[in-house]
Amino acid sequence: MKLYDFGPAVNAQRVRVFLAEKGLEVPTEQLNVREDHQFAEPFNSMNPFHCVPFLELDDGRVIAESVSICRYLEELHPEPALFGATAEERARVDMWQRRFELDGFMPLLHAVRNHVPMFAGRVVPGTRTELPQLPEMVSRGKEMTEVFLGRLEPHMERSEFVAGRTLSVADITGFFALRMATMLGMDVAASWPSVAAWFARVSARPAFQV
Ligand SMILES: N[C@@H](CCC(=O)N[C@@H](CS)C(=O)NCC(=O)O)C(=O)O
């Protein structure tokens with residue numbers, strides 16, 4: 001198998017952190033999506049989403065989507081279990097992973113795409129478009145994240161990691177959501193101190209140094 005990666009790409013970094021936490025190494029090729037290499041063949045045909053990361057299997061089939069790649073690698077290498085070890089743990093990890101992704105990571109990703117000048121003409125990942133960057137997407141992304149962090153704060157007051165006592169893929173998604181929030185100037189420590197303390201804990205882990 002071969003992982004198509006790009007150093008600065010947040011979603012590719014999610015898979016790299018997952019690999020590091022698992023202690024796995026996968027043959028990797030860099031694909032510079034800032035220079036549009038994903039639209040050149042053979043990559044254009046390999047991945048209809050025109051994004052990194054994607055994993056090419058030995059038979060040529062492709063798995064795109066960061067969490068799908070992680071889930072596949074977890075099936076091949078179950079330990080340590082980052083998607084949960086029991087039925088209940090798996091459900092809780094899935095719940096928090098989805099909540100972080102839908103209520104934090106995605107609104108913030110669109111906020112970043114609509115804010116950072118480098119993403120002008122690239123507001124929809126994997127396309128080149130004339131759709132303009134909208135400041136309202138930036139403010140709304142932060143507002144949606146504030147609602148989510150308000151729900152997360154009491155949970156993190158009594159939980160070491162997002163889905164319980166051990167690190168999971170939900171912490172990885174959460175870390176990158178919080179990193180975008182910080183990049184957009186949100187003062188997490190001021191309003192959500194338990195979330196900020198968890199963020200500091202996971203940020204210090206060797207695997208998260210991407
Ligand atoms: N939902 C996808 C998102 C992938 C994605 O948006 N990747 C970005 C880099 S972080 C990309 O390759 N963008 C290329 C582009 O916008 O042209 C995942 O989780 O893997």
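The model is a predicted one. Its secondary structure comes to eight helices and four strands. Along the sequence these elements run β-α-β-α-β-β-α-α-α-α-α-α. The radius of gyration is 17 Å, close to the 17 Å that the globule rule gives for 210 residues, so the protein is as compact as a globular protein of that length. The C-alpha trace spans about 50 × 45 × 25 Å along the principal axes. As for burial, 36% of the 210 residues count as buried. Contacts can also be sorted by sequence separation. Among those with a separation of 6 or more, 63% join residues 24 or more positions apart.

Next, the domains. The assignment gives domain 1 as residues 2-76 and domain 2 as residues 87-208. Their C-alpha centres lie 21 Å apart. Twelve residues from domain 1 and ten residues from domain 2 make the contact. On the domain 1 side, α1 (10-22) and α3 (66-76) each supply at least two residues. The largest share of that side comes from α1, with seven residues. By class, the side of domain 1 that touches domain 2 has eight nonpolar, two polar and two charged residues.

Now turn to the helix contacts, where α8 takes part in two. Start with α6 and α8. Helix α6 covers residues 169-183, and helix α8 covers residues 193-203. They pack at an angle of about 110°, and their axes are 10 Å apart. An angle from 65 to 115 degrees counts as roughly perpendicular, so α6 is roughly perpendicular to α8. From α6, the contact uses Asp-171, Phe-175 and Leu-178. From α8, it uses Phe-199, Val-202 and Ser-203. The classes in this contact are four nonpolar, one polar and one charged.

The other contact pairs α8 with α5. Here the angle is about 70°, with the axes 7 Å apart. That value makes α5 roughly perpendicular to α8. On α5, the residues that meet α8 are Leu-149, Leu-152, Glu-153 and Met-156. On α8, their partners are Ser-194, Val-195 and Trp-198. This contact divides into five nonpolar residues, one polar and one charged.

Gln-133 lies between α4 (87-113) and α5 (135-156), in the loop that joins them. How exposed is Gln-133? A residue counts as buried with 20 or more other C-beta atoms within 10 Å, and as exposed with 12 or fewer. Gln-133 has 16 other C-beta atoms within 10 Å, so it is partly exposed. Which residues does Gln-133 touch, leaving aside its neighbours within four places in sequence? It is in contact with Asn-114, Phe-119, Ala-120 and Val-123. Gln-133 and Ala-111 are 22 residues apart in sequence, and their C-alpha atoms are 9.3 Å apart in space.

Technical notes:
Residues are numbered from 1 along each chain as its sequence is written. This is a predicted model: local features need pLDDT of at least 70, side-chain atom pairs count only at pLDDT 80 or more; totals for chains, interfaces and linings use all residues. Axes are lines fitted to C-alpha atoms, for helices over the stretch in contact, and angles run from 0 to 180 degrees between N-to-C directions. Angles under 35 degrees count as roughly parallel, over 145 as roughly antiparallel, 65 to 115 as roughly perpendicular and the rest as oblique. Two residues are in contact if their C-beta atoms, placed from the backbone, lie within 7 Å. Ala, Val, Leu, Ile, Met, Phe, Trp, Tyr, Cys and Pro count as nonpolar, Asp, Glu, Lys and Arg as charged, and the others, Gly among them, as polar. The radius of gyration is taken over C-alpha atoms; the globule rule is 2.2 Å times the number of residues to the power 0.38. Domain bounds come from an automatic or database domain assignment.
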